[in-house]
Amino acid sequence: MGSSRGSYYSALKRITKVANSAFSLRKICNSIAKSTAKAMQANGCRILSLNPQKEYLLTVGTYGLSDLYLKKGHLDARKSLPDILEGKVVFIADAAKDERVQHPQIALAQGISSILGVPVLGKGETIGEIRIYTREPRQFSEADTSFLLSVADMCAVIFERAELHQLLEQDYKASERRRKSSQVSPLPTTTLRPTSFAHPSEEDFAKVLDFYCIEWLYEPRSFPLRWKGDKIAEMFTPDFYLPELDLYVELTTLKQNLLTEKNRKLRQLRELYPEVNVMLLTKNDFLKLLAKYGYGPLGEAKVEGIDRVLYSHAKIQQRIRTLARHISRDYAGQRLVLIGILKGVVCFMADLMQHLSLPVTLDFMAISYYGSDGQVVKITRDLDSSITGQHVLMVEDIVDTGMTLNYILSHLSAHNPASLRVCTLLDKRARRLINVPLDYVGFEVPDEFVVGYGLDYKGEYRNLPFIGILHPELIKGEGPR
Ligand code: PRP
């Protein structure tokens with residue numbers, strides 16, 4: 001059995017025509033597989049493309065093969081008739097018995113007897129294969145092989161053209177991305193505080209941000225979303241940008257079912273500018289988000305009695321890490337005794353010591369004040385262990401007049417420590433009466449009544465995760481602490 005030169009000629013004409021059509025690569029290859037199998041009076045044909053790493057063969061066109069045969073998936077390039085990839089023509093007379101066939105049982109189940117395989121060569125390199133399958137045992141003639149090699153040459157041209165298309169497509173997408181990015185308005189460097197907001201909820205949101213000391217910019221940037229020719233046809237301007245969190249926020253007061261349009265725009269923005277971090281928020285969502293970033297308390301925009309937050313929890317933690325780094329560096333190779341004065345220091349001591357990379361021991365003292373103006377200090381709880389010959393670091397939450405620290409330092413010095421230094425989270429320098437040496441200072445605070453993060457007003461507020469300024473109404477007639 002064999003095919004005539006005439007049928008090969010008309011098959012090649014058909015193949016050339018389809019190769020030059022606008023069909024997809026897969027459709028072209030399926031059509032070529034069909035024309036080839038029919039012209040060769042074979043039962044099946046498979047066109048395979050080799051991946052650039054030359055690891056596997058991917059089926060790009062088939063004819064006459066059942067799903068079972070195709071389900072073998074990618075063919076391992078090292079195992080599946082590797083001679084073809086070496087550039088050789090391979091002929092298998094009996095697929096069920098030939099050791100070169102990777103899945104003889106499947107070939108048997110499919111009733112495949114003979115196989116003819118030729119390489120697809122592009123500029124001398126193997127870039128794929130074509131395989132012909134017959135049910136009847138078959139000897140292939142020189143004309144058969146020569147026809148199949150011509151089809152392989154055509155496939156090589158098609159593969160390379162597809163690769164060129166892919167390259168052009170990628171290049172086009174990259175230049176589109178560059179063009180779009182260049183049209184995004186630049187981020188301003190100074191804070192934008194509008195005289196009026198577009199919506200009252202935006203003003204509320206700005207107040208909450210201010211309350212928690214979160215820096216913000218209002219509508220700082222516009223992102224083009226759609227173009228007509230070279231002109232921008234649609235833009236999107238998120239309401240806020242929070243530089244510390246690198247986050248754009250679009251606020252919404254719309255009901256869920258009216259959100260479709262806004263969601264569409266956000267989806268488009270994320271697709272076009274994948275590096276941009278943007279969120280659509282309701283007020284409740286926003287409070288949850290604050291909690292996630294360590295601002296609190298969850299579910300309440302304000303804490304009763306607090307005028308404003310002075311240092312957010314995140315900011316305090318950041319400063320403590322820096323202080324701990326300096327202390328660890330200064331005392332490197334030594335042991336350290338940390339001494340705190342109850343109760344205000346508890347939060348600071350707990351966080352600071354966790355960041356010290358030194359061996360430390362811990363002790364606490366308690367004091368009370370007496371005298372007509374409350375300015376005489378008395379120790380009500382002294383140290384548990386001796387500090388003689390030890391390196392001592394006094395840890396304080398706040399130094400105000402300096403009276404407490406001055407008294408404590410002279411008390412401790414009398415025990416002859418190897419060294420005695422002071423670390424305070426807050427320094428209210430404006431109220432200093434006695435000049436005490438401070439070696440490590442977290443923040444210098446204004447002359448206002450501060451509470452939170454261990455500091456109290458009449459025993460309360462110590463549990464706030466941030467440091468805030470008490471509302472002046474609350475402390476009318478009392479001086480700042
Ligand atoms: C605070 C703070 C210092 C002291 C500083 O304690 O913890 O020890 O005041 O003030 P000064 O520099 O004017 O002496 P407070 O008396 O409020 O007690 P507490 O730590 O129990 O809150």
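**Entry 1: the α10/α11 crossing**

I looked up the handedness first: α10 passes α11 in a right-handed crossing. This is a predicted model, so I am reading computed geometry. I then took the angle and the distance. The axes of α10 (residues 313-330) and α11 (residues 346-354) cross at roughly 55° and come within 9 Å.

Which residues of α10 meet α11? I listed Q317, I320, L323, A324 and I327. Their counterparts in α11 are F348, D351 and L352. I sorted the residues of this contact by type and got six nonpolar, one polar and one charged.

**Entry 2: the sheet**

I traced the strand order next. The sheet is open, has six strands and runs β3-β2-β1-β6-β5-β4. The pairing is antiparallel. Which strands stand at the edges? I found β3 (75-76) and β4 (90-92) there. Each has a single partner strand, so one side of each lacks a neighbour in the sheet.

I then checked one pair inside that order. β5 (residues 114-122) and β6 (residues 125-134) pair in the antiparallel sense over nine bridges. I noted G122 opposite E125 in β6.

**Entry 3: the helix on the sheet**

I looked for what packs on the sheet and noted helix α2 (residues 25-39). I find α2 touching β1 (44-50), β2 (56-63) and β6. The direction of α2 makes about 65° with that of β2.

Key:
Residues numbered from 1 in each chain as written. Predicted model: local features only at pLDDT ≥ 70, side-chain atom pairs only at ≥ 80, totals over all residues. Heavy atoms only, no water. Axes fitted to C-alpha atoms, helices over the stretch in contact; angles between N-to-C directions. Helix = DSSP H or I, 4+ residues; strand = E, 2+ residues; numbered from the N terminus. Left-handed = near helix turned anticlockwise from the far one by under 90°. Contact = heavy atoms within 4.5 Å. Nonpolar A, V, L, I, M, F, W, Y, C, P; charged D, E, K, R; others polar. Pairing = 2+ DSSP bridges.
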